[in-house]
Amino acid sequence: MAFQTKPTELVRGKETSFFHPIAIIGAGIGGTSAAYYLRQKFGKDVKIDLFERGKVGGRLATITIQGQEYEAGGSVIHPLNLHMKRFVKDLGLSTLQSSGGLIGVSNGETLVFEESSWFIMNIIKLIWQYGFQPLRMHMWLEDILDKFMRIYRYQSHDYAFSSVENLLHSLGGDDFLGMLNRTFLETLQKAGFSEKFLHEMIAPIHRLNYGQSTGINGFVGAVSLSGADSGLWAVEGGNKLVCSRLLQASKSNLIPGSVMYIEEKTGTKQTGNPTKMYEVVYQTGSETRSDFYDIVLVATPLNRKMSNITFLNFDPPIEEFHQYYQHIVATFIKGKLNSTTFSSRALGEFDLSTILTTDNSDLFINSIGIVSSVRENNKPQPSTDGAFVWKTFSPEILTKEQILKLFLSYDDSVKQQWYAYPIYKPPEKCPSIILRDRLYYLNGIECAASAMEMSAIAAHNAALLAYHRWNGHTHMIDQEDLYEKLKTEL
Ligand SMILES: Cc1cc2nc3c(=O)[nH]c(=O)nc-3n(C[C@H](O)[C@H](O)[C@H](O)COP(=O)(O)OP(=O)(O)OC[C@H]3O[C@@H](n4cnc5c(N)ncnc54)[C@H](O)[C@@H]3O)c2cc1C
Ligand SMILES: *[C@@H]1O[C@H](CO)[C@@H](O)[C@H](O)[C@H]1NC(C)=O
Ligand SMILES: *[C@@H]1O[C@H](CO)[C@@H](O)[C@H](O)[C@H]1NC(C)=O
Ligand SMILES: *[C@@H]1O[C@H](CO)[C@@H](O)[C@H](O)[C@H]1NC(C)=O
């Protein structure tokens, strides 16, 4: 191919630009980490433009209530999310440990499970109520996490995958990939877990983390459960800081604007040969502008409601993906909880700081819990009148009456709406990563599971994939038996 040359300097008037400019659409954790990894692979001379129509951070965002900032989108990070960990370290950011208060599960009338502050008591209670199922669940999860961790090895050796399916298959074969084909419920029933345990312990966790129940696929179910592990952390000052720092470190060029079209164009470069380029048409303020790129990475969910990007003049046309996203409202309320809404217990005796809910509760919320601001490293403290800041997730916007049902009194409330993560309906068919030669899509990975680390993994993969395909390194893509190969390489 004519453009498979090393980046060459090109002087246009007084401006110096470089050959093969790259466009990334979306400055969330996916887009900004892609910029960072692309810079590592393609070197310092390549021009990288990053388009963002909203705020840098995307689904990582904070909201302010009574002068304090709180995580309104992606909030907790697992201790074994190595890309996120690495970013924080390399970019000079600090971490906060999630302060775990006591958790209870309500069915709307009473608490079906309740933690106590006495560790041994919790173990006894768990065994009493569910036998050894929590322990077995833990082991099941360890095994999946173990396999999942293989991705870091592959990526540190620069291996890339051309599809989400190939990536998952390389981690743990057919069984691992097969998790996308079955619901979490089917997977666990098959493994002999009881209805009661699934209903009272597992479904409430999925409702908290994905606003959905045990009908989600097995893989996202495992990711969701790992969101209930210990050692969870967040970034001091807000997780979104990772995005702005990655953007800075990548030395890419942020273009505030909304991309409307991506069009395939045939043009000529200075060699005189016809080459295919992508024209990115975007709206910035009231102006419509466009630029040409050799490589384009789409780092936002492709659907009408969310990114609303149209692909023009592709032959054959680029298929429309029908990934639907779950509508979730995060509401922050400063007030005093009316605990009788969740339990029959007298008011003074209620010391839970997070309440999850079972599927059959008629409650209009999925969860509610006390939160710390993005600057507090210890347990949240009540204000002098005993009020805390509570965060609740609900499928719809809460009415004032609903808030008054949850609280004895409240001073203030703010909310943020999201199309948060895919609505999971296994069997999942994941969208392609390679939409066309040199046109890549990162967010297809959310079909397996949506999380910050998943977007970072997709970004690393897409950067490697773009680089290897550009340079014709086919042996670095979709290698079979990578795990065995790398084992003997040491
Ligand atoms: C309420 C909530 C709670 C969550 N909790 C967690 C959690 O605890 N832990 C965890 O790991 N994950 C969590 N997640 C998931 C996590 O936040 C996401 O998976 C991750 O942030 C997705 O990042 P992304 O960069 O792939 O996409 P996004 O963050 O959505 O970034 C896409 C960006 O593209 C921009 N964009 C879209 N269309 C265009 C266009 N046409 N032109 C220009 N720009 C465009 C958008 O404005 C956006 O900034 C949560 C998500 C939500 C919503
Ligand atoms: C998952 O289901 C699809 C059909 O929906 C099938 O083509 C595929 O082979 C299945 N994959 C696995 C690993 O079971
Ligand atoms: C999508 O963009 C088109 C123009 O490109 C606009 O007419 C339409 O209203 C947009 N749809 C949504 C849901 O934002
Ligand atoms: C608290 O909630 C209970 C049950 O919903 C209700 O009966 C009671 O009146 C509420 N208390 C206050 C002070 O609002």
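**Notes on a predicted model with its ligands**

1. Let us begin with ligand 4, whose surroundings are Asn338, Thr340, Thr341 and Leu408. Keep in mind as you read that this is a predicted model. On its own, ligand 4 exposes 360 Å², of which the protein buries 39%. Sorted by class, its shell holds 1 nonpolar and 3 polar residues, with no charged ones.

2. Ligand 1 has 35 residues around it, and Gly30, Glu52, Arg59, Val76 and Ser455 are the closest. Its oxygen atoms take part in contacts with side chains: a polar atom of Glu52 lies 2.6 Å from one oxygen atom, and a polar side-chain atom of Asn443 lies 2.9 Å from an oxygen atom of the ligand. With Ser307 the backbone is involved, as one of its polar atoms is 3.0 Å from a nitrogen atom of ligand 1. The protein covers 92% of the 1,000 Å² of accessible area that ligand 1 has on its own.

3. Which elements give two or more residues to the shell around ligand 1? They are the helices α1 (29-42) and α12 (452-471), together with the strands β4 (48-52), β12 (258-268) and β21 (407-422). The shell is made up of 15 nonpolar, 16 polar and 4 charged residues.

4. Now to the interior. In soluble globular proteins, nonpolar side chains tend to be buried together. Here the largest nonpolar core has 106 residues, and Phe87, Phe219, Val242 and Leu297 have the most contacts inside it. Helix α12 gives the most to this core, with 12 residues. Leaving aside residues up to four places away in sequence, Val242 touches Ile29, Met84, Phe87, Val88, Leu91, Leu93 and Val235. Another core lies apart from the largest one; it has 21 residues, including Val259, Tyr282, Val296 and Tyr441.

5. Helix α9 (residues 218-226) deserves a look: 9 of its 9 residues are buried. Among them are Gly218, Phe219, Gly221, Ser224 and Ser226. The cover over the buried residues of α9 includes α4 (133-148), α6 (164-178), α7 (184-190), α8 (195-210) and α12.

6. Some backbone details are worth checking by eye. Most residues other than glycine have a negative phi, and most peptide bonds are trans. The bond from Asp315 to Pro316 is cis, with omega near -5 degrees, and Pro316 sits in the loop between β16 (310-312) and β17 (325-337). The bond from Pro426 to Pro427 is also cis, with omega near 0 degrees; Pro427 belongs to the loop between β21 and β22 (434-436).

7. Gln66 is not a glycine, yet has a positive phi of about 50 degrees. This residue is placed in the loop between β5 (62-65) and β6 (68-71). Is Gln66 partly exposed or buried? Gln66 counts as partly exposed because its relative accessibility is 41%. Lys251, not a glycine either, has a positive phi of about 50 degrees and is found in the loop between α10 (240-249) and β11 (253-256). Lys251 has 66% relative accessibility, so it counts as exposed.

Notes. Residues are numbered from 1 along each chain as its sequence is written. Chains are lettered from A and ligands numbered from 1 in the order in which they are written. This is a predicted model: local features need pLDDT of at least 70, side-chain atom pairs count only at pLDDT 80 or more; totals for chains, interfaces and linings use all residues. Side-chain values use heavy atoms; hydrogens and water are left out. A residue is near a molecule or strand if one of its heavy atoms lies within 4 Å of it. A polar contact is a pair of N or O atoms within 3.5 Å; within protein, one must be able to donate a hydrogen and the other to accept it, and residues adjacent in sequence count only if both atoms are side-chain atoms. Accessible areas come from the Shrake-Rupley method with a 1.4 Å probe; for residues, only the protein chains shown count as cover. Helices (H or I, at least four residues) and strands (E, at least two) are DSSP runs, numbered from the N terminus. Ala, Val, Leu, Ile, Met, Phe, Trp, Tyr, Cys and Pro count as nonpolar, Asp, Glu, Lys and Arg as charged, and the others, Gly among them, as polar. A nonpolar core is a set of buried Ala, Val, Leu, Ile, Met, Phe, Trp, Tyr and Cys residues joined through side-chain atoms within 4.5 Å. Buried means under 20% relative accessible area, exposed over 50%, partly exposed in between (1.4 Å probe, protein chains only). Contact means heavy atoms within 4.5 Å.
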